[in-house]
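Please give me a guided tour of this structure in my viewer. Tell me what to select at each stop and what I will find there.

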Amino acid sequence: MTETLSPSTSTASSAESTLAPTSTPWTPPQNDAVPATAWPDAATPAITAPDLSTSVPAAVADDPWASATTAPPATDTADWLGSAPPPGGTDLGSTHDSFALHQLWDGSLPVESWINQGLDWVVQHFRPFFQTVRGPIDSTLSGVEGLLLSVPTLAMVGLLGLLAWQFAGRAMALGAVVSLLVIAMLGIWPEAMVTLSLVLTSLVFCLAIGLPLGILLARSDRAQRSMRPVLDAMQTTPAFVYLVPVVMLFGIGNVPGVVVTIIFALPPLVRLTSLGIRQVRPDLIEAAQAYGASPWQLLTKVQLPLAMPSIMAGINQALMLSLSMVVIASMIAVGGLGQMVLRGIGRLDMGMATVGGLGIVLLAITLDRITQALGQPRRGARHWWQTGPAGLVWRLTQRRPAPAAPAPMDSAEAALAAHIH
Amino acid sequence: MAQPITIEHVFKVFGDTPEIAMDLAYQGCSKPDILARTGHSVAVFDAHMTIEAGEIFVIMGLSGSGKSTLVRLINRLIEPTAGRILIDGRDINAASDRALRALRRKDISMVFQSFALMPHMTVLDNTAFGLELAGVGKAERQRQAALALEQVGLAGWGDSYPDELSGGMQQRVGLARALASDPSILLMDEAFSALDPIIRTEMQSELLRLQKVKRRTIVFISHDLDEAMRIGDRIAIMRDGHVVQVGTPDEILRHPADDYVRSFVRGVDAAAVFKAGDIARQPITVVAEHADRGARAALKLLQDQDRDHAYVVSPTHSYLGVVSADSLRTALQGHVGALGLAHAYLPGVQPIIEDEPVSELIGRVAQASHAIPVVAPGGHFRGAISKNTLLRFLDRDTPPIEPAATAEAANATTL
């Protein structure tokens, strides 16, 4: 086929030289009113080669796209070509069913309208499905949000401070408390909690999707190969592009905000989980297998623990990226700090935008430090509950029964605990 | 308890279509040929041997000779392309995944060149790793792991992490991990190669000691012939995937199968491998039939043969003593009638036990004025080692010792 067409390529390109300014593929799709038959005549010069009149219909008949493009009258690219001189194509008879091979290279493929129709179709037929997906996200989100907002500000600051102390040490706890107090003083506490609940909810779903997916990608090279472009696309496609379809499918509000955030924040978690598991030394895998580890044991006792620093880095990245999505998500009516920033920009109220931005930064730094500290391998104490504030409580509860209860087991354990510390 | 391993015509081809390479292999193509024609690497080529229960079987070869692949075929970390491997008569390639895991958890342990200790676990947890996988309760597995650590001399290190230990200690942990489940088969993949020479010798002794405590079938991979000769009951030498020769250390030293093995064993310290009994030769022996005569006959024999010393054995061939022409003459001086040989024994002759390594004899042989007698642990006379014998043995470039040994044996005379 290509061989018979090759002479026409040259005619097409020569004809195109006159069309050059108008036939660029970048022009956006236009209104739906123009009849379908209008667009091919914008791009017919290639068909003028008489020897093609027989081969082209055959190609059209073979092509599955042909029917899709002709059926709805919405297809159109002619409007933007309206100013161009009418192409010299006279032989329209062979191409009147609206698709021709030459469209593959002269940039007149109606890809954009296909996408629009595809989306319309999905919205028409699958909206109930997406509304069902909404359910769990919605309930998680409102649960988290209700919880965060119901706790009094100072109690919440104290709680987060304790968490930071437990997992990141005393200095970090101090930093966390100070930044949270600053947020409270700025008067943006409720907004910050809404944002935090959004971020945490999307993190929950990122973990639920990303960890299994990362494990799968680490196991199978084929899955890795096929998922990589998808992950690339998720990470690099501008958020504005999928903002619209997400709104069409999920409506507006916090739930689509979480969905958009998940799309953006998921890839690094998947990648770093997969990478972490793949980087486990092969001799350790071999050793585990040589000692009779089942695939599940291999995963839970060797691969995941050893990949943990990498996975924690992934979680940290997912958190950071979700926070950076907050402002964009606010464009689809997601509340919180992002909304403040957006509103500030809209009203040219720099003060409002800056305060919102500062809140995001402080929240980000606090979350980042805590999750990074979680990724550090811990040694010394055998269990996490033996350090930090929990360790304090633990020791208190352990010490008390030791002299009181003469039960041999208890006192032995307490003695052991005392010995450890 | 120890289990034998039978390896029956095992092939392993790495590549996508091993059948093609196998066809070529059956047609007699060599490994480089097959690699050039199909891009497939034949790692193990028709390995066929039996590893006896309770022996230390060393598989030797240079890197790339397929020895590591062969050992991984035994616990099926790698699936063979063709052939069967039987452990205690059971074909492990027919085993289900579950049965295979049970086998690996209970019967076959492995020690790795890189130690392969889990960095996120303490030494005790590492040692208990196999037991943990087998589902043994925490208290029980920690008790067994502590015992295993004690066996390798690391009691009290249980709470450390592997990276806090030296290389030698880490490999002791590796060994303890392998011993914790009390397996009947131990696979050691260049287990001591990453250790420095002194620690390596120490670990070899440790292994031999453990083997004395409880006999296991040990398959030991090594590229160090001295190590192989020291610890191996039998040795298989591999080259390009082929098993070139299987035999005891001195079979391999005495009768190398081909030039490759010969060049391989040239550098080995033979004095450490060969035992006194291996190089002892038959000197003139005199059998003391009666306690009260024989001295005169012995003296005549020595004079006729122009020799200085004779070795006296009992009729059951037990060693009794050494006489020399001088000592016989002195004993007979002024004596009338028959005299027992016992009167003419040289004083202070300490016979060598036959399994002493040659390297430890050099001083004693050099100091003695005569060939030193060699006896079996029961007192049975094995021969004698003279300075001449020892020098000829140590001179590695002159052709082997066995023709001389047989010629000398023909010289023995019995009275």
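Start where the two chains of this predicted model meet. Select chain A and chain B together: 15 residues of chain A are in contact with 17 residues of chain B. Now keep the chain A side of that contact and colour it by element. Two elements, helix 13 (282–290) and helix 14 (295–329) of chain A, each give two or more residues to the side that touches chain B. Helix 13 of chain A supplies the largest share, six residues.

Take the parallel pair to begin with. Strand 14 (residues 352–353) of chain B is joined to strand 15 of chain B by two bridges, and the two run parallel. Show the residues that face each other here: B:I352 stands opposite B:V374 in strand 15, and B:I353 stands opposite B:V375.

Now move across to the other partner. Strand 15 (residues 372–375) of chain B pairs with strand 16 of chain B over four bridges, in the antiparallel sense. Pick B:V375 again, and look for its bridge partner in strand 16, B:F381. For B:V374, the bridge partner in strand 16 is B:G383.

While you are here, follow the chain through the hairpin of strands 15 and 16 of chain B, which has five residues between the strands. Click on B:G379 in this hairpin, where phi is positive, near 100°.

How well covered are these strands? Strand 15 of chain B is covered on both faces: B:I372 and B:V374 are buried on one side, and B:P373 and B:V375 are buried on the other. In a regular strand the side chains alternate between the two faces of the sheet. Strand 16 (residues 381–385) of chain B is mostly covered, with five of its five residues buried.

**Last stop: two loops with a positive phi**

Select B:A116, in the loop between strand 6 (108–111) and helix 5 (123–127) of chain B. Its phi is near 55°, a positive value in a residue other than glycine. Is B:A116 buried or exposed? B:A116 is buried, because 24 other C-beta atoms lie within 10 Å.

Then jump to chain A and select A:L348, in the loop between helix 15 (337–346) and helix 16 (350–375). Here too phi is positive in a residue other than glycine, near 55°.

Note on methods: Residues are numbered from 1 along each chain as its sequence is written. Chains are lettered from A and ligands numbered from 1 in the order in which they are written. This is a predicted model: local features need pLDDT of at least 70, side-chain atom pairs count only at pLDDT 80 or more; totals for chains, interfaces and linings use all residues. Two residues are in contact if their C-beta atoms, placed from the backbone, lie within 7 Å. A residue is buried if 20 or more other C-beta atoms lie within 10 Å of its own, exposed if 12 or fewer, and partly exposed in between; C-beta atoms are placed from the backbone. Two strands pair if DSSP finds at least two bridges between them.
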